[in-house]
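Good morning, and thank you for coming.

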Amino acid sequence: MKFDGDIDAPFSHLLRLAEDELLATLAALPAEIREALGAVPVILEEFPSPEALDDGIAGDQLGVFEGGTTADSGIPQPPRIVLWLGNLWDMCEADEAAYREEVRVTLLHEFGHFLGWDEADLFDRGHHRLVEQRARRDDGFLGLGINNIFGNRAAKDTFSQRSDD
C-alpha cells in the first residue's frame with residue numbers, strides 16, 4: 001500500500017521504506033567502508049524520545065551519530081546511529097521518493113561522522129552537494145552517487161590511515 005502524500009503514514013510503512021534504503025545504501029558502498037560500518041548499529045525510531053530531547057536533541061532533528069569514531073577507539077560508548085523516521089517523513093512532506101533520498105543522505109552524513117569526519121570534512125568530500133541537491137526538489141531530487149563521498153581516493157586513504165592507527 002502506498003502512503004505517498006499521507007503525512008500520517010504508519011510507522012511500519014516508514015520503517016519498511018527506510019530499511020530498504022539502508023540496505024541499498026550499504027550495498028553501494030566500497031567494501032572496506034561497508035565492512036567497518038557493518039559493526040555500527042543503525043537505530044530507526046519514529047521521533048526523538050523525551051530522554052533524547054532532555055539530552056539536547058532537537059525535536060525536529062533527522063539523525064545523530066553517538067559514540068566512538070574510527071579515530072577515537074578510546075571512547076567507552078559504543079558507536080551507533082539513530083535516524084528519526086517521523087521527522088524525515090515530515091521534512092519530505094510525505095513524498096516517498098524524497099523520503100528515501102533523505103534517509104540515504106542522512107545515513108551517509110552520520111556514517112561520515114563515524115569515520116571521524118566533522119561537518120567541514122563532510123563538506124570537503126561533497127556532502128554539501130547532496131544537501132544542495134536535496135533542496136532543489138524541482139530539479140529531480142536525485143542526489144549524488146555514494147562514491148562521490150565514500151568512493152574517492154581521498155576518502156579511502158583517510159579511512160585506511162585511521163583504521164591502521
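Ala94 is buried, with a relative accessible area of 1%. Please keep in mind throughout that this is a predicted model. Ala94 sits in the loop that links H4 and H5, and its phi is positive, near 60°, although the residue is not a glycine.

Is Glu93 buried or exposed? Its relative accessibility is 61%, and since exposed means over 50%, Glu93 counts as exposed. Ala94, by contrast, falls under the 20% that defines buried.

H5 has 19 residues and spans 27 Å from its first C-alpha to its last, close to the 27 Å expected at 1.5 Å a residue. How many of its residues are buried? The count is 17 of 19, so the helix is mostly covered. Just after H5, Gly116 adopts a positive phi of about 95°.

Leaving aside residues up to four places away in sequence, Val103 touches Ala18, Glu21, Leu22, Leu83 and Leu88. Val103 and Glu19 are 84 residues apart in sequence, yet their C-alpha atoms are 9.3 Å apart in space.

Glu21 brings us to another contact. The side chain of Thr25 reaches the backbone oxygen of Glu21 at 2.8 Å. Thr25 is part of helix H1, and with 1% relative accessibility it counts as buried.

The largest nonpolar core contains 31 residues, and Leu83, Leu85 and Tyr99 have the most contacts inside it. At least two residues of this core come from each of helix H1 (11-28), helix H2 (31-37), strand E3 (80-84), helix H4 (85-91) and helix H5 (96-114). Which element gives the largest share? That is H5, with 7 residues. As for Leu85, its contacts beyond four places in sequence are Phe11, Leu14, Leu15, Ala18, Leu44, Glu45, Glu46 and Tyr99. There is also a second, separate core of 5 residues, among them Ala52, Ile57, Val64 and Val82.

Finally, the sheet. Three strands form an open sheet in the order E1-E3-E2, with mixed pairing. Strand E1 (42-45) and strand E2 (63-66) are the edge strands, each pairing on one side only. From one strand to the next, the twist averages 15°. E2 and E3 run antiparallel and are joined by 4 bridges; here Phe65 stands opposite Ile81 in E3. H1 packs on this sheet, touching E1 and E3, and its direction makes about 155° with that of E1.

Thank you for your attention.

Note on methods:
Residues are numbered from 1 along each chain as its sequence is written. This is a predicted model: local features need pLDDT of at least 70, side-chain atom pairs count only at pLDDT 80 or more; totals for chains, interfaces and linings use all residues. Side-chain values use heavy atoms; hydrogens and water are left out. A nonpolar core is a set of buried Ala, Val, Leu, Ile, Met, Phe, Trp, Tyr and Cys residues joined through side-chain atoms within 4.5 Å. Buried means under 20% relative accessible area, exposed over 50%, partly exposed in between (1.4 Å probe, protein chains only). Contact means heavy atoms within 4.5 Å. The expected span of a helix is 1.5 Å times one less than its number of residues. A polar contact is a pair of N or O atoms within 3.5 Å; within protein, one must be able to donate a hydrogen and the other to accept it, and residues adjacent in sequence count only if both atoms are side-chain atoms. Two strands pair if DSSP finds at least two bridges between them. Axes are lines fitted to C-alpha atoms, for helices over the stretch in contact, and angles run from 0 to 180 degrees between N-to-C directions.
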